[in-house]
Structure formats: C-alpha cells, structure tokens
Amino acid sequence: MWTGALTPWGGRGMRWSARWFVIGILAACDTFSGQQPPDGTEDTEASRSGYPVQLTDAAGTRHTFEEAPRRIVSLVPSATEALLAMAEADNLVGRTDYDRMPEIEGLPSVGGGLQPNLEILVSLDLDLVIRFAGESDLATAERLTDLAIPHFAVQPDGIEDVLTIIRDLGLIIGKEDAAAELLGEIGNALEGVSRRVAGLPEPRVAYLLGGDPPWVAGSGTYIDELISAAGGDNVFDDLGPLYASVSVEALLDRGLDLILVSEGLTPPTALGHLPSAELPPSVEIPGPRLGQAATDIARLLHPGAFEDGPG
Amino acid sequence: MSMSSAESPALEATDLTVHYPNVPVPALDSVNMIVPKGAFYAVLGPNGSGKSTLLRALLGMVPHASGRARLSGQPISDWNRRALAREAGVVTQSESVAFPITVRELVAMGRYPHLGALQSERITDRAAITEAMRMCDVGDLAHRSLSTLSGGELQRARVARAFAQEPNILLLDEPTTSLDIRHEMEILELLRTSANGGMTIFLITHHLDLAARFADRLLLLDRGRVAAEGEPREVLLEATLKRVYGWPISISNDPATGVLHVTPLSATSHPSQDRAPTPGETRDQTDASSYKSR
Amino acid sequence: MKPFAWAGLLALAVVLVFMLSLRLGSVDLTTAQVFAALRGQGDVNVRQIVIELRAPRAAMAILVGGGLSLSGAVFQALLRNPLAEPYILGISGGAATGAVLALALGLTASLTWALPAAALAGALLAILLVLGVASSADHRVDVRVLLLAGVVVGAFFTAFMSFVLSISDARTVRSAVLWMMGSLASSDWSTVWMVTLYSLPAAIALMALARPLNLLAIGEETAGYLGTNVERVKRIAYVLASLLTAAGVAATGVIGFVGLIVPHGVRLSVGADYRVLLPLSFLAGAVFLTLADIVARTVLSPTEVPIGVVTAFVGVPLFLLLLRRSVGARSGSEIES
C-alpha cells in the first residue's frame with residue numbers, strides 16, 4: 001500500500017490538489033480491485049462483466065450502457081488520448097481537426113471539438129459521442145439529443161478530471177483492466193515523483209504562454225496542478241481567472257527561481273537573467289500522459305533528485 | 001374633408017407670432033393677414049423678413065408659434081395631416097433628396113395623400129401625374145434620375161408634384177429662382193390660370209415686378225412685421241419700398257396695360273446709399289437702412 | 001426589367017437556392033436522396049441530415065438574410081444615409097455584450113436559450129438607450145442625434161464586451177468570437193419558428209411603410225406636407241427595423257454586410273421606390289445569405305467558415321461590380337447649370 005507516501009513535504013505542507021490526486025488514484029484502484037473477472041470463459045460478453053454500466057457524467061446526466069459502444073467519436077482530446085491508451089482505436093470512427101495521433105489520423109474529421117459538424121456526426125451512425133461538459137456546449141448537447149446521438153459529457157480540466165475520465169471511459173467501453181493499468185501507471189509515476197521531491201524546498205516558478213504582456217497560468221489550471229505535484233510553487237496561484245496577462249515587472253517582483261514556457265517560446269528579455277525551460281505541449285492538455293508530464297517537470301525543478309535515473 | 005364654407009378665407013393669420021428661444025428678435029411679430037379663397041396672394045419682403053417662417057407657421061410646422069392660423073376656416077392644429085395634404089400643396093425653397101429617384105416617382109408622391117397604404121395608383125392618379133408633368137413641362141424628363149437634372153428642371157418637377165396633389169390651395173416659396181425666363185413665365189401663368197379657376201395661390205417671391213403683374217393681393221413683410229397689405233397699387237409705394245428694402249425703387253404705371261412696373265434705381269444716382277450698414281443702427285426712413293440677414 | 005419580373009425571378013431563386021441548400025453540404029447526397037428524404041423515405045441518417053439539419057438552416061438563412069436586408073433598407077431611409085446598415089445603431093454591440101456575459105457567467109451551462117435570450121436582451125437595451133438619447137423632451141426624434149447616439153452606444157458596448165473577454169478563459173473567448181462572426185449552425189426548427197414569429201409581422205408592417213419611407217428620403221418637412229406623420233413613422237420604422245435585426249442577431253450572431261450591400265444592389269437595379277425596394281430586398285437578401293451559408297459549410301468542410309466572412313468576401317466584390325456597371329451607365333448624362 002502507499003500510505004507510506006503520505007508525508008508532509010516542503011515547508012508548506014501538502015497542497016490540497018496534491019492530496020486529492022493521490023487519494024483519487026487510490027480510489028480508482030480500489031474500484032477495480034474488488035472485481036474478479038471470471039476465468040476461462042469463451043463468451044467475451046460475459047468477460048465484460050461490468051454491464052449494464054450506470055454512470056453519471058460531468059454534466060450530471062445519468063447514463064446506462066447495456067453493451068460496449070462500437071462506433072465512438074471523442075470531441076475531447078483528453079478523452080481521445082485515454083481511449084487510445086486503452087487500445088480502443090478500432091472503435092473510433094471519427095476525429096476532430098485537432099487530433100493528429102497516427103492511429104486515428106486517417107479517420108474522417110468532424111471539425112472542431114466545440115462546434116462539431118453535425119452532418120458528419122449523423123452520417124457516422126455513432127453509438128457514442130464524448131463531449132465537453134462546459135458552458136458553451138449546451139447547445140451542442142441539445143442538438144445531439146435531438147438527433148438521437150448518445151453523448152457523454154466529460155470535464156477535462158485538472159488531474160482529478162483526467163483520472164475520472166479514464167475510470168469512467170474504462171467502465172463504458174468495458175475495459176476496466178486497461179483503465180486500472182493506466183491509472184496504476186499514473187499513480188506509480190506520481191508516487192515516484194512525490195517520493196523524490198519530498199522535503200525538498202519548492203522552487204518559485206511561473207508558466208508563460210506567450211503574448212505581450214505575457215499570459216501566465218494561475219491556480220486551478222492543469223499546469224498549476226502539475227507544478228504542485230512536481231514539488232514546485234506557482235507564484236501566480238493568487239491570480240483571479242485561470243489565465244491572465246501580467247506585466248513583466250510583476251514577474252520580476254515575484255522573485256522567480258525558474259521560468260517555464262510553452263514550446264517554442266522565449267521569455268521576455270527583461271527576464272533573460274533567469275533560468276528558463278521549455279515544456280512540451282502535453283503539459284497544457286490534460287491527458288493520460290500526466291504521469292510523464294509530472295515527472296518531466298519534476299526533473300526540471302529538482303534535477304538533483306533524479307540523478308540516479310528515472311523513478 | 002375640410003369644413004370650409006364658400007365664405008371662409010383660404011388662409012388666415014391672427015396675431016401670429018414666432019419667437020425662437022435664445023433669439024432676441026421675433027421671427028414673426030403679430031402678423032395679421034387674410035388670403036381670400038381663389039386669390040393670387042404674393043408675399044414679399046427682404047431676406048430675413050419672415051416670409052418662409054410665415055408659410056411654415058400657417059401650415060403648423062413651427063412649434064414656437066403663438067397666435068392663430070386657420071386654413072380653409074379650420075384652425076391649423078385641427079387638421080389631420082393627410083387631409084391637409086389633399087387640401088393644400090406646398091413647394092418649399094429647396095429639398096435634398098437622399099437617394100436618386102426618377103422625376104415620375106417624385107411627382108407621383110403628390111398622389112400619396114390620396115392613396116391608402118396598400119393601394120396602388122389608379123387611373124385617376126396616373127392622369128393627375130401626367131397632367132401635372134405636362135403643365136410644368138417636365139413630361140419629357142419623366143424617367144430621368146433627379147441627380148441628372150439641372151436646378152431649374154428639379155424645381156419644375158417639384159411644382160409638378162404639388163399640382164399632382166390637386167390641392168385647393170397652393171403655397172410656394174420662391175419656386176422660380178432657378179428658372180429661365182420662359183419657364184418662369186410659364187409657371188407664373190400656370191399659377192394665374194389656376195387662380196382664375198378657383199385655386200388659391202400663396203406665393204413667396206422676391207420678384208417685385210412679377211408679383212405686381214400677376215398677384216391679386218400683396219403682403220409686404222419687414223423684419224417679421226406686416227409693413228403693408230392689400231392690392232398691388234396700395235402696397236407698392238415708393239416710400240414704403242425704400243423704407244423696407246433700404247434701396248430706392250421707382251414705381252411706374254404702364255398706361256396701356258395698367259400693369260405696375262417696379263424698377264430699382266442705381267446706386268450712383270444716390271451716393272448716400274453706398275454706406276455699408278452697421279449693427280445697431282437706428283432705423284431711419286431717410287438713411288440707408290440696414291437689413292439683417294438671418 | 002420591370003419590378004414584377006424581378007420579384008418573380010427572385011422568388012424562384014429563393015426556391016432554387018433552398019433546394020440547393022438541401023442537396024449540398026459536408027456529407028455528399030444525391031438529388032434522389034434529398035427528394036426521398038423529403039417524402040419521408042430512405043435512410044434515416046439522410047432524412048435526419050436533410051430535415052433536421054439542412055432544412056431548418058436554409059429556412060433560417062432565408063429569414064435572417066431577408067430580415068437584415070429589409071432592416072438595412074429601412075435604416076438607410078430613416079437615417080437618409082446610404083452607408084447605414086442594421087448594426088449602425090449599436091444593436092450588434094448590445095447583442096454581443098449580452099451573449100458574452102451569458103457565456104462568461106456560465107449561464108449557458110444551465111439554459112439552452114440563455115445565449116439567444118441574453119443577446120436579445122442586450123440588443124433591446126441598446127435600442128432603448130439610443131432611442132432615449134435621440135428623443136427630445138417632446139418625443140421628437142432627431143435622426144442625426146440617432147446616428148451619433150447609435151455609434152457611441154455601440155462603441156461603449158464593444159469596449160465593455162472586450163473587457164469581459166479579457167478576463168475570461170480561453171474557451172469562453174473562443175465561443176464568443178465564433179458567435180460574433182455569425183453562424184447558422186445552431187438552427188433547428190424551434191428556433192426557426194420563433195424567429196418567424198418575431199420577424200414576419202415586423203417585416204410585413206415595415207413593407208406597409210413603403211410610401212412614408214419614400215417621403216422621408218425627400219426630407220422630413222416635405223414628407224409632412226405630403227401627409228406623413230413624420231415623428232410616428234420615424235419611431236415605428238426605428239423600432240420595427242431594430243427588432244427585426246435583434247431577432248436575427250439573437251438567433252445567428254452578427255452577420256455583416258448583408259444589410260448594407262443587398263439594399264444597395266437592389267436599388268442600383270430597380271431604383272429607389274421603397275414599394276419595390278423593400279420586398280425585393282427581402283428576397284434578394286434571402287437568396288444571398290442562403291448561398292453564403294452553402295459556401296460557408298462546404299468550402300472548408302468539415303470546418304465551417306464563419307458566415308460573416310463569406311458575406312464579406314462574396315458580397316464586397318459583387319457589390320463593387322454592380323457599382324461600376326451603374327456608374328458606367330450614368331456617365332453619359334450631363335448636368336447643366
């Protein structure tokens with residue numbers, strides 16, 4: 001068991017977000033630990049013993065799945081990645097313009113994730129659409145309902161959300177094992193990170209997205225949670241909105257130890273004297289690679305803790 | 001329909017005063033006048049004497065008016081706009097048309113007061129339009145766009161529109177300023193003929209000579225006040241005109257036709273007249289008097 | 001060509017373009033499939049596409065394209081300005097602000113109709129504000145003040161909306177920007193019926209104002225002398241044309257150029273008599289927007305180009321062409337003094 005990992009770290013105590021995701025992982029694994037698939041059955045339907053599956057989605061709608069969906073389109077990148085990670089590529093019959101993964105690049109595109117092309121969705125004869133649960137998409141949801149296309153809402157904003165998505169989708173597609181395995185991997189990676197950075201002082205960092213004056217990520221964003229998980233201190237966690245532009249002076253004023261920038265970006269010249277590091281795009285999109293993302297960031301924040309090789 | 005009887009005058013003003021806010025001098029000051037039915041009534045006066053204001057006040061278009069104005073025996077405020085438009089036609093000094101329309105479309109607007117919102121032109125309307133265009137010699141221009149017309153052609157088209165209304169009273173504010181001699185005479189003779197046929201003509205003009213020749217009655221305004229009213233030979237007196245216009249004018253009577261001729265004299269024969277007016281100068285009958293332009 | 005001939009031609013064009021709109025789209029359909037779907041037969045997916053997706057969209061394009069053109073023509077007469085168009089009096093600014101607020105406050109999460117209702121509310125607020133500013137104490141409307149007030153109120157709303165966007169998250173901003181560029185994508189039959197309910201009475205009432213609008217173009221004083229109750233006409237024309245515009249904007253976002261270009265094009269072809277201009281503007285606008293929508297959803301399929309972009313790209317060159325031909329035709333006449 002991993003209770004040994006729940007040690008206070010840094011001078012500030014464990015951040016609530018860090019605590020939650022560890023608990024989330026434990027909960028996710030617990031969900032699956034009680035289910036024993038029957039041995040030696042030829043009937044594949046019986047081996048997917050979870051059905052009928054009853055779930056409430058991120059928009060509060062209750063769903064009942066009688067069987068595994070065979071024709072799926074995911075409008076949400078995190079969910080798409082999760083499905084691919086659970087080897088569900090065969091059942092995906094469409095993609096969004098933003099999905100460039102090799103496994104599904106050949107599939108027809110349904111346009112953008114926020115306002116998908118309804119005609120193409122109808123023509124694909126879908127069993128399931130995974131959609132955003134956000135405000136702007138209620139109209140899309142209503143139209144999907146009107147067109148009798150089943151849809152499941154997910155919230156892909158933070159680490160907790162990613163874990164929920166993996167767990168829920170795993171149940172829906174009848175691949176609890178794969179989901180558990182994925183969650184286990186993530187849990188291991190996060191646990192490894194937390195072990196290595198425990199007790200180390202948290203470097204003061206900020207994540208810049210570009211623009212002039214530069215946009216930074218505040219608290220409640222995915223990258224903010226990753227930074228906490230990696231043992232860092234986001235100096236802009238007191239920002240009101242999720243992202244906001246701040247002046248270069250404010251950046252200097254906060255006393256940064258390290259600047260994190262998105263790929264391809266250079267920090268403002270006034271901050272040139274500070275060390276900076278580029279982060280790959282995967283840190284902006286919540287997804288199943290969060291374990292790797294947290295590890296990568298932790299490696300940047302605490303290089304000394306990783307000298308003995310990957311955790 | 002109006003409630004005019006055969007006796008009530010076409011136009012009547014009683015103590016008509018127009019006092020614009022923030023302007024010390026009234027535009028019209030206690031004007032009293034009566035235009036008998038079927039008369040050719042001309043209104044004269046220098047620039048800024050209130051002629052156009054009088055026309056607009058008689059038609060109820062001036063919000064700052066006090067006193068009484070009546071049209072065909074009924075107070076102007078009691079008139080319904082459409083009924084008024086069927087009774088009286090108006091040609092203003094100028095118009096600016098926002099979009100290019102044809103002459104025929106412009107003249108056809110004279111029939112609008114006679115047509116319901118969804119009603120199309122009837123044969124009687126088309127006849128009135130064609131006849132009005134013929135009378136004002138714009139028939140050949142029917143399908144020309146207004147933007148291609150000369151100033152005079154446009155003026156004639158607007159007079160045609162007023163005639164197309166088939167009104168009992170026609171009020172015109174300097175309708176011949178851009179017209180050449182032939183067209184000016186044609187319009188005036190048209191007005192005279194119409195008056196002979198019973199139409200009341202209320203004409204504002206600065207052509208003293210033509211007013212003397214064509215009008216039955218004259219009104220002479222001076223700085224918002226009535227300077228003189230009556231038949232041409234009562235109003236067109238040399239002393240009166242010199243006082244009002246600030247220029248010496250000679251009146252002569254053609255013995256053969258009885259027509260009055262109004263001739264302004266030249267400045268060189270009266271050296272005291274070429275001093276420029278200064279503001280606040282007293283109005284003295286013998287000096288060159290100033291005239292204030294609005 | 002005589003006006004009746006134009007009307008017949010345009011009405012036919014509306015029908016043709018409607019059918020074309022059913023046939024063309026992201027998914028290839030044959031004409032046979034379309035007719036089968038209309039008869040209630042054939043593949044259920046095809047029927048869904050034709051009847052639930054393409055048909056209401058085409059109907060909305062007709063309503064909104066016609067409504068915007070009609071109100072554009074009316075505003076041009078009211079303001080005596082050939083550059084007037086439906087959004088010049090702040091309606092688009094008010095509607096966009098309402099929509100952005102609804103998105104930013106998360107209202108659209110709980111209520112599907114929150115977005116159009118907020119847009120309508122914003123538009124109505126702008127309409128009332130502008131009318132209030134432009135009405136004097138004795139309820140007379142000065143159209144020059146109307147124009148100025150509209151521009152200023154619109155600018156204020158735009159600034160406020162920019163502020164709200166600047167503190168909103170990325171998804172809200174993207175949704176707002178897409179909405180503001182206009183889209184017929186969310187058209188379903190219930191929205192179509194609602195827009196019809198608001199628009200058609202207003203459109204018919206405006207067409208009945210054709211003669212008074214002709215007179216307004218001559219000048220308010222002359223209009224009065226020819227029997228028009230000028231203040232009442234101005235007021236009614238302003239309110240009806242604004243409501244017509246607001247209904248369109250609430251349903252489809254801000255679709256530009258239609259209200260400016262179509263009335264001009266019609267005026268250049270058949271003249272400025274509003275008895276002809278108004279109905280023909282409606283028909284021409286319906287045809288124009290339906291065609292634009294076809295282009296918007298097929299040219300970069302599966303992505304949709306915002307329809308406001310298409311109306312600009314297509315409408316502006318078309319209009320310039322029309323303008324050149326009319327200037328050429330007029331160069332022969334001279335002006336004497």
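These numbered points go through a predicted model, chain by chain and contact by contact.

1. Start with helix 12 of chain C, residues 230–252. Helix 9 of chain C, residues 189–207, packs against helix 12 of chain C at an angle of about 160°. Their axes lie 9 Å apart. Angles over 145 degrees count as roughly antiparallel, so helix 9 and helix 12 of chain C are roughly antiparallel to each other. Their crossing is left-handed.

2. Which residues make this contact of helix 9 with helix 12 of chain C? From helix 9 of chain C come C:T191, C:V195, C:Y198, C:S199, C:A202, C:A203, C:A205 and C:L206. Helix 12 of chain C brings C:L240, C:A241, C:L243, C:L244, C:A247 and C:A251. By type, the residues of this contact are 12 nonpolar, 2 polar and no charged.

3. Helix 12 of chain C also meets helix 6 of chain C, residues 114–134. The two axes come within 8 Å and cross at roughly 155°. Helix 6 and helix 12 of chain C are therefore roughly antiparallel to each other. This crossing is right-handed.

4. Helix 6 of chain C makes its contact with helix 12 of chain C through C:P116, C:A119, C:L120, C:A123, C:L124, C:I127 and C:L131. On helix 12 of chain C, the residues are C:Y238, C:S242, C:A246, C:V249, C:A250 and C:A251. The contact divides into 12 nonpolar, 1 polar and no charged. C:A251 is listed in the contact with helix 9 of chain C and in the contact with helix 6 of chain C.

5. Next, chain C against chain B. The contact takes 25 residues from chain C and 23 residues from chain B. On the chain C side, helix 10 (210–218) and helix 11 (220–225) each supply at least two residues. Helix 10 of chain C gives the most, with 5 residues. The chain C side that touches chain B holds 9 nonpolar, 10 polar and 6 charged residues.

6. Chain A touches chain C too. Here 27 residues of chain A are in contact with 27 residues of chain C. Helix 4 (118–123), helix 5 (138–146) and strand 10 (243–245) of chain A each supply at least two residues of the chain A side. That side divides into 12 nonpolar, 8 polar and 7 charged residues.

7. Chain B has an open sheet of 6 strands, with mixed pairing. Its strand order is 6-7-8-3-9-10. Which strands are at the edges? They are strand 6 (88–91) and strand 10 (225–230) of chain B, each pairing on one side only. The twist averages 15° from one strand to the next. Strand 3 (residues 40–44) and strand 9 (residues 217–222) of chain B run parallel, joined by 4 bridges. B:Y41 has B:R217 of strand 9 as its bridge partner.

8. In chain A, strand 1 (residues 53–56) and strand 2 (residues 62–65) run antiparallel. They are joined by 4 bridges. A:Q54 stands opposite A:T64 in strand 2 of chain A. The hairpin of these strands has 5 residues between them, and A:G60 takes a positive phi near 90°.

9. Is helix 8 of chain A, residues 222–229, mostly covered or uncovered? It is mostly covered: 8 of its 8 residues are buried. These are A:Y222, A:I223, A:D224, A:E225, A:L226, A:I227, A:S228 and A:A229. A:G231 follows helix 8 of chain A, with a positive phi near 80°.

Conventions:
Residues are numbered from 1 along each chain as its sequence is written. Chains are lettered from A and ligands numbered from 1 in the order in which they are written. This is a predicted model: local features need pLDDT of at least 70, side-chain atom pairs count only at pLDDT 80 or more; totals for chains, interfaces and linings use all residues. Axes are lines fitted to C-alpha atoms, for helices over the stretch in contact, and angles run from 0 to 180 degrees between N-to-C directions. Angles under 35 degrees count as roughly parallel, over 145 as roughly antiparallel, 65 to 115 as roughly perpendicular and the rest as oblique. A crossing is left-handed if the near helix is turned anticlockwise from the far one by less than a right angle, and right-handed if clockwise. Two residues are in contact if their C-beta atoms, placed from the backbone, lie within 7 Å. Ala, Val, Leu, Ile, Met, Phe, Trp, Tyr, Cys and Pro count as nonpolar, Asp, Glu, Lys and Arg as charged, and the others, Gly among them, as polar. Two strands pair if DSSP finds at least two bridges between them. A residue is buried if 20 or more other C-beta atoms lie within 10 Å of its own, exposed if 12 or fewer, and partly exposed in between; C-beta atoms are placed from the backbone.
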